[in-house]
Amino acid sequence: MFDCTSTMSLLAVLVILLLTWMYFNIRRPLGMPPGPTPYPILGNALIFMGKKQPAEIFKDMSQEYGPIFTVKFGPVWAVVLNNYELVQEALLTKFNDFSGRPDQYMINWFTDNGKDIAFAQPTPTWKFHRKLAHVAIKKYATSELETLLADITPKLRDVFADKAGTPFDPKEVITLAVYNIIASMCFGHNYQLNDPRLKKFVQISEDINEVFANGTLSDFVPAARFLPSPQVNKIKKLTNEFFDILMKDVSQHLKEYSPDEPAKDMIELLLHAQRDEKETEGSENKLTDVHIKQILSDLFSAGTDTTTSTLLWGIACLMDNPDVQKKIKKELDEVIGDRPSSLSDRGKLPYTEATIMEIMRYGTVAPIGVTHRAIKDSTIGNFEVPENTWVFINSWALHNDPEYWDSPEKFSPERFLDSDSVKQRLPSFLPFSTGRRVCVGEALAKAEIFLVLSWLIQNYKFEKPPGVTDIFAVSGNPQGLNFTKPYKAVATSRY
Ligand code: HEM
């Protein structure tokens, strides 16, 4: 009898403890925006089950909870911002408060604990690395890029000639162009289409993107990092292969590098900066070899698939809208004729520029960008946002907000035109985000997209294969970077 009572009491205490823990685990901190009730441990992670993109799921949820709401992922609270005013407040007015990055197990592993730029916390070291990347990128987003592209276009022509009017997936040729631009900028050389290193890079970065986009259990349940996981092992293996290729290039440079010559590429620029930093009195070792590896990895990862995806959205939109393709060709013919376009032509080609902006709105390749984190207690709108809350910026919702865009579901370059010029600063249009963590590669990406797209349209007419009437500009990747569904195009030479 005595034993039975003690067991019952013990059980009752355990149940009370469990219920108390559950209550505190799912209780939203006071003053935070509303949102769905989370489950213990998993939080609201199950909202991502199904085929919709997270950005679309968030937009649907904003119908119920309003433009700012809270969700919980494992132990972490996150606020989701779904309109321009809230994003402006968080990223511009309070640019410092929300400039942190989440602390995520796999990302820490991939970045040697945030020694890169994109996932680093906003420290003076991060600021220094951003500045270095800026200098390099500024150098390349100029006539240097035109020279680089002139070197790459013969390789592209070979691929097009090979396909000669037959249906093919343009991803191959776009990847070749974009990866070679970044490879030339970082390593000072470019690849042939069949170079196994190029193939490996593309494959690895696709796989890594997919795994990171879906997240791993250890990102949501910290204890899971101690469990065996084939998914985690796969990322670790891929990451090691990726860094091996990257570091081979760095070692090769170290053999040939002459510190007294001006830097010829990003590796040399970083090696110069490392030498200068070491020579500075009281230097804090802000540019170690690991930092160099991580900065290169960042530029390579952040600068390739984003641009490739935008160009693939571009070709798809131009095949879905042949009139737009015709108008761009006409404008290019009238303004620059047969010569390749140069960056200084941009102001003279408003229709082409407006089309590129519409492609970036319509495709929104980074629908929820890179997650931010509150580095101190703050507020957004009328709500409290405690330190360490994650902040999701729903750029896709901004780009489809009917308050700012008439019929946002329609592809219409005209919305970016003001009589004969391009509207430069439209609200609710932030493909590169804004504020302290704004994309470092914005100038380079815009320059690349302009030069590559205008070269493609000058030289080739893109059409759907005979008999195909499907819409091509549709999202094919439910998570992470927003690629179109794979499609086949027929590219006919105009000459
Ligand atoms: C169409 C092409 C591109 C798009 C749409 C894009 C978009 C973005 C977005 C949305 C962010 C997150 C900003 C934030 O956290 O608020 C970002 C960050 C970043 N991007 Fe890009 N990007 C593109 C191309 C590039 C290129 C070409 C490079 C470099 C070669 C690059 C390098 C970076 C880096 C290093 C960051 C991290 C910045 C930081 O955390 O301080 N991106 N980009």
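Which protein atom is the single donor to the iron atom of the ligand? That donor is the SG atom of Cys439, 2.3 Å away from the iron. Donors here are N, O and S atoms within 2.8 Å of the metal (3.2 Å for Na, K and Ca), and with water not among the atoms, sites may look incomplete.

Before going on, a word about the model. It is predicted, so local features need pLDDT of at least 70 and side-chain atom pairs count only at pLDDT 80 or more, while totals for chains, interfaces and linings use all residues. Residues are numbered from 1 along each chain as its sequence is written, and side-chain values use heavy atoms, with hydrogens and water left out.

Back to Cys439: look for it in the loop between β8 (421–422) and α16 (442–459). Helices (H or I, at least four residues) and strands (E, at least two) are DSSP runs, numbered from the N terminus.

Now let's look around the ligand. It is surrounded by 26 residues, and the closest are Arg101, Arg130, His372, Ser433 and Cys439; to be near, a residue must have a heavy atom within 4 Å. Some of the neighbours make polar contacts, which are pairs of N or O atoms within 3.5 Å; within protein, one must be able to donate a hydrogen and the other to accept it, and residues adjacent in sequence count only if both atoms are side-chain atoms. A polar side-chain atom of Ser433 is 2.5 Å from a ligand oxygen, and an N or O atom in the side chain of His372 is 2.7 Å from a ligand oxygen. With Ala118, a polar backbone atom lies 3.5 Å from an oxygen of the ligand. Two or more residues of the shell come from each of α5 (124–140), α12 (289–320) and α16, and α12 gives the most, with six. Sorted by class, the shell has 16 nonpolar, seven polar and three charged residues. Here Ala, Val, Leu, Ile, Met, Phe, Trp, Tyr, Cys and Pro count as nonpolar, Asp, Glu, Lys and Arg as charged, and the others, Gly among them, as polar.

Among the residues lining the largest cavity are Lys171, Tyr179 and Asp305. Its largest share of lining, three residues, comes from α7 (171–187).

How values were computed. On a 1 Å grid over the protein atoms alone, a cavity is a set of points where a 1.4 Å probe fits but cannot get out, and a pocket is an open set with protein on both sides within 12 Å along at least five of seven lines; lining residues have an atom within 4 Å of a point.
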